[in-house]
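Please open the model in your viewer and keep the selection tool at hand.

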Amino acid sequence: MYMSNKLTTIIKLLICFGVPVGILFMPIDLIPIDDLTLIQHRLLAIFLLAALLWVLEPVPVFATSILIIALELIMISDKGMHWFRTPPAGHELGDLMKYTDIFSAFSSPIIILFMGGFALAIAASKYELDNNLARVLLKPFGHQPKFIMLGLMLITAVFSMFMSNTATTVMMLALLGPIVASAPRGDLGIKALVLCIPIAANTGGIATPIGTPPNAIALQYLTGENSIDFLTWMMMGLPFVIVQLTIAWFLLQKLFPSTQDAMQLKLDGRFQRNWRAVVVYITFAATIVLWMTTKLHGMNTYVVAILPLAVFTLTGIMGKPELKQINWDVLWLVAGGIAIGIGLDKTGLASALAHAIDYESLSPFAVVITLSIVCWLMANFMSNTATANLLMPIAAAIGASMESLSAIGGLKGLLIVVAFSASLGMILPVSTPPNS
């Protein structure tokens with residue numbers, strides 16, 4: 001078994017590296033895009049390598065992101081290898097990227113936004129704010145299975161808007177554990193109660209920019225006149241989430257009807273009252289309020305995100321052990337996508353790709369639907385963050401070149417649809433960590 005897995009990994013690596021190397025040494029004239037420079041040619045090979053590694057996963061997805069940044073620094077930056085900075089005779093090298101621009105992928109405001117979200121989640125978990133809130137919020141839903149399921153879905157979705165959907169799922173399933181253990185044998189309603197939690201966790205993150213990485217990746221391309229603040233995103237995402245949860249609630253009741261008239265939940269627990277816990281409660285609430293009122297105080301979403309980090313580290317709520325709990329693999333994964341986006345913009349490859357096809361001759365509605373379906377299908381079989389990393393630059397290039405898209409929301413509408421589609425890729429048990 002071990003040898004079989006090892007052989008499979010080797011084959012995947014050979015495929016992943018073989019195809020981009022082939023493109024790298026392919027004459028530029030054979031690529032069906034006009035007037036590519038050597039720099040653009042190399043970036044195209046790096047992009048294809050990233051796509052293959054993210055799809056086949058012979059190495060961890062975050063490792064692929066680190067490789068992307070490394071290859072961009074070596075092959076297309078102004079501080080790369082001399083061999084790559086000297087064009088062969090008869091070829092145009094193109095504009096080398098500043099190496100600081102590539103390194104800036106990990107200091108992007110998007111990364112800080114996620115770190116602020118992780119800090120809130122870690123502090124809430126440490127002082128049991130999440131667990132106690134779940135217990136308090138679940139009590140009003142009574143003892144009927146269908147209303148318990150509704151409560152579980154709503155609470156899970158709300159927590160997933162501001163916390164890791166995986167951590168939220170683990171916490172909510174722990175609350176559900178005693179019910180599952182004491183349920184009558186063969187009660188289908190238990191399946192509904194268990195399944196509703198990952199469904200709500202996957203869906204809830206759509207409602208806020210920090211709820212799931214695909215949303216943050218979309219924000220990377222929504223700048224200038226297309227920029228969007230926290231509250232505006234919620235005004236689009238929250239109604240969508242409510243509709244999704246309503247459909248899922250009715251569907252789960254029909255597919256897995258419960259044989260019990262009432263269920264008893266063990267909802268014991270109390271809020272901690274020490275000063276650090278109070279600081280966490282106040283900071284958590286204040287951060288969310290500040291995110292939702294950016295137009296009043298002038299600080300954007302990214303600036304607000306640094307405040308909980310500052311408060312928690314200064315007060316000792318987050319020390320070295322808590323800092324190690326930050327999901328650095330997610331941050332590296334997002335940084336790799338940002339590095340690709342920076343490269344596509346700075347080298348001009350995004351513009352070249354945008355003009356390679358006459359998008360204006362296509363129906364804007366058909367373009368949006370096609371991208372949405374492709375994104376959703378890919379997200380079911382690979383990481384939704386990796387899917388967004390691959391498709392968001394393409395969607396941004398298409399959105400920038402199609403004036404007819406203005407009828408259905410323009411670039412902003414297209415990227416939001418792609419982000420939502422990535423988060424909905426959850427039809428398989430292994431599609432998302434909450435499902436697993």
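Select Thr387, which lies in helix α20 (residues 384–401); helices (H or I, at least four residues) and strands (E, at least two) are DSSP runs, numbered from the N terminus. This is a predicted model, in which local features need pLDDT of at least 70 and side-chain atom pairs count only at pLDDT 80 or more, while totals for chains, interfaces and linings use all residues. Residues are numbered from 1 along each chain as its sequence is written, and side-chain values use heavy atoms, with hydrogens and water left out.

Is Thr387 buried or exposed? Thr387 is buried, with a relative accessible area of 0%. Buried means under 20% relative accessible area, exposed over 50%, and partly exposed in between (1.4 Å probe, protein chains only). Now display the residues around Thr387: leaving aside neighbours within four places in sequence, Thr387 is in contact (heavy atoms within 4.5 Å) with Cys375, Met378, Ala379 and Met382.

Cys375 is itself buried, at a relative accessible area of 0%. Select Cys196 as well; that residue is buried, also with a value of 0%. How many disulfides does the structure hold? The structure holds zero disulfides, a disulfide being a pair of cysteine sulfur atoms within 2.5 Å.

Select residues 301–314, which form helix α15. Colour Thr301, Val304, Ala305, Pro308, Leu309 and Phe312, which are buried in this helix. Seen down the axis of α15, the buried residues fall within an arc of 150°, so they line one face of the helix; the arc is that of the directions from the helix axis to the C-beta atoms. An α-helix has 3.6 residues a turn, so residues three or four places apart point the same way.

Against which helices do the buried residues of α15 pack? They pack against α6 (109–126), α12 (230–255), α13 (275–292) and α14 (294–297).

Asn300 caps the N-terminal end, where a side-chain oxygen lies 3.1 Å from the backbone nitrogen of Tyr302. After α15 comes Gly316, whose phi is positive, near 80°.

Side chains of opposite charge can pair when their charged atoms come close. The structure holds two salt bridges, each a side-chain nitrogen of Lys or Arg within 4 Å of a carboxyl oxygen of Asp or Glu.

Select Glu322 and Lys126, whose side chains meet in a salt bridge (3.2 Å, N to O). Glu322 lies in helix α16 (residues 320–323) and Lys126 in helix α6, so the pair ties together parts that are 196 residues apart in sequence. Glu322 counts as buried at 11% relative accessibility, whereas Lys126, at 35%, counts as partly exposed.

Then select Asp229 and Lys295, whose side chains meet in a salt bridge of 3.9 Å, N to O. Asp229 lies in the loop between α11 (213–221) and α12, and Lys295 in helix α14, so this pair ties together parts that are 66 residues apart in sequence. Asp229 counts as buried at 17% relative accessibility, while Lys295 is exposed, with a relative accessible area of 70%.

**Last view: the whole protein**

Finally, show the entire protein, in which there are 21 helices and zero strands. Of the 436 residues, 50% count as buried. Among contacts with a separation of 6 or more, 76% are between residues 24 or more positions apart.

Definitions and conventions: A polar contact is a pair of N or O atoms within 3.5 Å; within protein, one must be able to donate a hydrogen and the other to accept it, and residues adjacent in sequence count only if both atoms are side-chain atoms.
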